[in-house]
Amino acid sequence: MIRTESLVQSYGRAPVLRGVDLAVEAGETVLLLGPNGAGKSTLFRCLLGTVAYGGSVSVDGRDPLRQGRETRRRIGYLPQSDGLQGDLTVAECARFASELRGLPRASGDRAVEQARLAEVADRRVDELSGGMRRRLCLALALLGDPPILLLDEPTAGLDRDSREELAARLAEACRDKTILLATHQPEEHAQLGARAVWLEAGQVVDGEPATQSGRTR
Amino acid sequence: MRATRVIARKELGDALRHRWLQLYAAVLGLLGLVIAWYAAGDTAGLSLQSYGRTAASLTNLCLLLAPLVALVLGADTVAGERDRGTFDRLVAQPIDRRELLCGKFLGLLVSLVGATLVAFVPAALYLAVATGSPPPLRAVMFPLVAMLAILPALALGVLLSVTADSGAKALARAVLLWAWLVLLYDLLLLGTLLSARLGAGFLIGALLLNPMHSARLLVVLALEPDLYLLGPAGALLTESLSRAWTAALLVTTLLAWTVVALGLALAAFRLRRPRLREVAGRESSVLRTHDHNPREGVMSSVVRLFARVGGRARTRLVLFLLLVVAVALVGCQAGEDGDATRSAAGGRDGLHRVDAAMLERGQQVYVQNCAPCHGLTGKGDGTAAASLDPKPRDHSDRTYMDTLSDASIAEVVKVGGALRGFPNMPSHPHVGGEDMVGLIAYVRTLSRGGEQVKEVTLAID
């Protein structure tokens, strides 16, 4: 479903990915582990076709750079910094996202209800708690029921209760999907029954590195 | 196309939500009302003149403010999204970059054009009530022509936004570009023309190189057939082409600027596969963030200043400050226009009765300063005319002379003809006061077969 070969990417003169080979089968969940700056978010951007890269990438049989729109239609993405426009209301935010995916505005309203945010639908995103914002992000990533999910540290910055709640919601909503999930807390996602892949300094390393620098508590 | 529409609608919603649209329309509308009030007062009973004068002044105001707002908002389109952290989510949607950029451009265009049109309404309503007649078609055309200035400014703003690596940098470049196109370009052109004797080709080239210049000339072209108002390049253009062709050339220039700027923005915004031959072997120690280059000078100072205030607050702050500056500039201009308006309307300030002594003095000034080239009878056949190309003006040609206001004749005498495309006409800074009034009266008599001119309308120094 997702395949990268010799994937390289750099920002300016600084290399970020140095030849990543990765394969994720359909329906599989892979936890992407690694320290900050290892290239996890950049790998996601390459899969989405939102940054240029070298090497070969295939997402559901498509080349993200050449067939960006078709590729992204198959991907639900939850970015690390949520990237929500703070002065929109929750409902406006969800309707805009559904329209961009070619869905009716009502899909956005349904997503808000499913994320149990209907009560705050008319509140500005800026006024939501961290947990609510993350629930909204997950709801937006699930819009249009995409077969692939790229989740970049979905529980980052949340307290213990919110983390557990979101992890449970993830496990419930993401059955039968192909998932690549970047995290520093793999134990939180144990219920996903996932395989772990370690990324360090822009390369996939075998097994858990000796430093365990990616694991922060 | 669907995504473009969705993004354009969202951009329009954002514009309304952030209230810059209302602020811009309110400032423009209020100034329009003030201008209309003055114009109606000065030309009591002359409805067409009231409308024409108001529309012209308001259009001038538009040509100052609309490009500013368009450049600043265009500069915020992509760089602003990056700064606010919303860019990543936006481009991860199933849309392509062309749709994103075009949607943002169209949304802002509709917002700006709509706000500009709305701003003309209070002035039109006031004049309709004050003069008791509806606005003539010609006056309605001005705001439409002013819209043409928004197109290239917005496209240039978007280009700056796409090519800058931060919102502060894009904004700084937009403000400097506005200052260059609207304020500094004219000064530089003026200086160059006065110091070097450059030909018609240079003037027309200079005109086409500045879209704001083209827009202003287009407005003036729609205004009235006074060559004085057209300025140097305009006078040249209309003399070599017809008015219709000149208008067509100017519209084409504005559209070309828009298409080229937007095309470059689209090309710069497209993702390309990089040549990453040695990426894997490079050391990450080469990573350098925001090295300060002391040679960057003005630009880096402005960028640092803007970088201190973040996000939309920065755009709003800059817009507000620049609107204040622009209004102050327009205020100064309106003061000058007011003087000119009062003079043209026959107000007391600029009207001078011409007596026989004054006319005789004018003749002396003419013989000493003008006759060597223009000839004693003003036919352009003076002794020095033989070596001149183009030939001196024929002052006995009434049709032409009647297109010139007294003020425009005085200006050409004072500063020379270089600005109007006649490099052979020298400046006469020593002629002023009653000498100038007498000279103008005398030149007028030459075009009227000796019929004595009794009044000259001129604010003398």
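Two strands pair if DSSP finds at least two bridges between them. The model shown in every view is predicted.

**View 1. An open sheet of six strands in chain A.** The strands line up in the order E5-E6-E7-E3-E8-E9 of chain A. Their pairing is mixed. Strand E5 (75-78) and strand E9 (203-205) of chain A stand at the edges. Each of these two has a single partner strand, so one side of each is left without a neighbour in the sheet. On average, neighbouring strands are turned by 25° against each other, direction ignored.

**View 2. Strands E3 and E8 of chain A, side by side.** Here strand E3 (residues 29-33) of chain A pairs with strand E8 (residues 195-200) of chain A. The pairing is parallel and runs over four bridges. Look for A:Leu32. Its bridge partner in E8(A) is A:Val197.

**View 3. Helices H1 and H5 of chain A against the sheet.** Helix H1 (residues 40-48) of chain A lies across E3, E5, strand E6 (148-152), strand E7 (178-182) and E8 of chain A. H1(A) runs at about 150° to E6(A). Helix H5 (residues 130-141) of chain A also packs on the sheet. H5(A) touches E5 and E6 of chain A. The direction of H5(A) makes about 165° with that of E5(A).

**View 4. Helices H3 and H4 of chain A cross.** The axes of H3(A) and helix H4 (residues 105-114) of chain A come within 7 Å. They cross at roughly 130°. H3(A) and H4(A) are therefore oblique to each other. Their crossing is right-handed. On H3(A), the contact residues include A:Val90, A:Ala94 and A:Ala97. On H4(A), they include A:Gly108, A:Ala111 and A:Val112. By class, this contact has six nonpolar, three polar and four charged residues.

**View 5. Chain A meets chain B.** The contact takes 27 residues from chain A and 26 residues from chain B. On the chain A side, the elements giving two or more residues are strand E1 (2-11), strand E2 (14-24), helix H2 (68-73) and helix H3 (90-100). The chain A residues that touch chain B divide into 10 nonpolar, nine polar and eight charged.

**View 6. The helices and strands of chain B.** Chain B has 19 helices and two strands. Of its 461 residues, 45% count as buried. Take the contacts in chain B with a separation of 6 or more. Residues 24 or more positions apart account for 77% of them.

Conventions. Residues numbered from 1 in each chain as written. Chains lettered and ligands numbered in written order. Predicted model: local features only at pLDDT ≥ 70, side-chain atom pairs only at ≥ 80, totals over all residues. Buried ≥ 20, exposed ≤ 12 C-beta atoms within 10 Å, placed from the backbone. Contact = placed C-beta atoms within 7 Å. Nonpolar A, V, L, I, M, F, W, Y, C, P; charged D, E, K, R; others polar. Axes fitted to C-alpha atoms, helices over the stretch in contact; angles between N-to-C directions. Parallel < 35°, antiparallel > 145°, perpendicular 65-115°, else oblique. Left-handed = near helix turned anticlockwise from the far one by under 90°.
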